[in-house]
Amino acid sequence: MVSEVKQISGNAVPLIGNDIDTDRIIPARYLKAVTFDGLGEGVFIDDRKALNGQHPFDQSQYQGAKILIANRNFGCGSSREHAPQALAKWGIKAVIGESFAEIFFGNCVAMGIPCVTAPSETVKQLQELVTANPQASLIIDLEKLQVQIGDFTAPVFLGEGTRSTFISGTWDACGQLVANAEQVKATAAKLPYIGWEKLAAS
């Protein structure tokens, strides 16, 4: 199973504002869901209702966007996995921001969603460029650690450990287990407290 994430490209959606917490990304009432299916419809739902169709996630020019451009301390607040799940179900595959809350960042990595950082000036310029031309394709290159939109190119940051897991595909723990299924079975068969033969036969 190949899970490498080396480059993400597509239209972007700018979301201006600092300290946007997970309760704003997906309200607590959605945590009662048994699965993550349908969470995309609830992403930023209270903010969207308050703005009466003027929220970026409601505006027609940003529909289908794959990259979110946020500001400082995005994803702060409670440690709900539903927040990145809701973004993913809406269609977001990567996030650019000035900084991210640590748990939100970790949840995104576990789902294969790179969260790269850039200085506030770069983020502001990207948001302005996307606002001016919503149809422009934005490219995040994790191998070169840069972002490009039109003629504008700027460096982005992602810790080397996290970056290497995306590039190699090892961020995907389930994928690693599936890819190494025979080794997992061989190891399990040696463990006295696992009745692997009975499990395999059932």
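Author: A helix here is a DSSP run of H or I with at least four residues. Keep in mind that this is a predicted model.

Reader: Thanks! Which helix does Gln85 lie in?

Author: Gln85 lies in helix H3, and that helix spans residues 82–90.

Reader: Why is Gln85 called buried?

Author: Buried means under 20% relative accessible area. Gln85 has a relative accessible area of 12%, so the label buried applies.

Reader: And what is Gln85 in contact with, leaving aside its neighbours within four places in sequence?

Author: Those partners are Phe36, Leu39 and Met111. Contact means heavy atoms within 4.5 Å, so each of these three residues has a heavy atom within that distance of one in Gln85.

Reader: What makes you say that H3 is mostly covered?

Author: Seven of the nine residues in H3 are buried. Among them are His82, Pro84, Leu87 and Trp90. The buried residues of H3 pack against helix H1 (22–25), strand S3 (67–69) and helix H4 (102–111).

Reader: Why are S1 and strand S6 said to pair?

Author: Pairing needs at least two bridges found by DSSP. Four bridges join S1 to S6 (residues 138–141), so the two strands pair. They run antiparallel, and Ser9 stands opposite Ile139 in S6.

Technical notes: Residues numbered from 1 in each chain as written. Predicted model: local features only at pLDDT ≥ 70, side-chain atom pairs only at ≥ 80, totals over all residues. Heavy atoms only, no water. Buried < 20%, exposed > 50% of the residue type's maximum accessible area, 1.4 Å probe, protein only.
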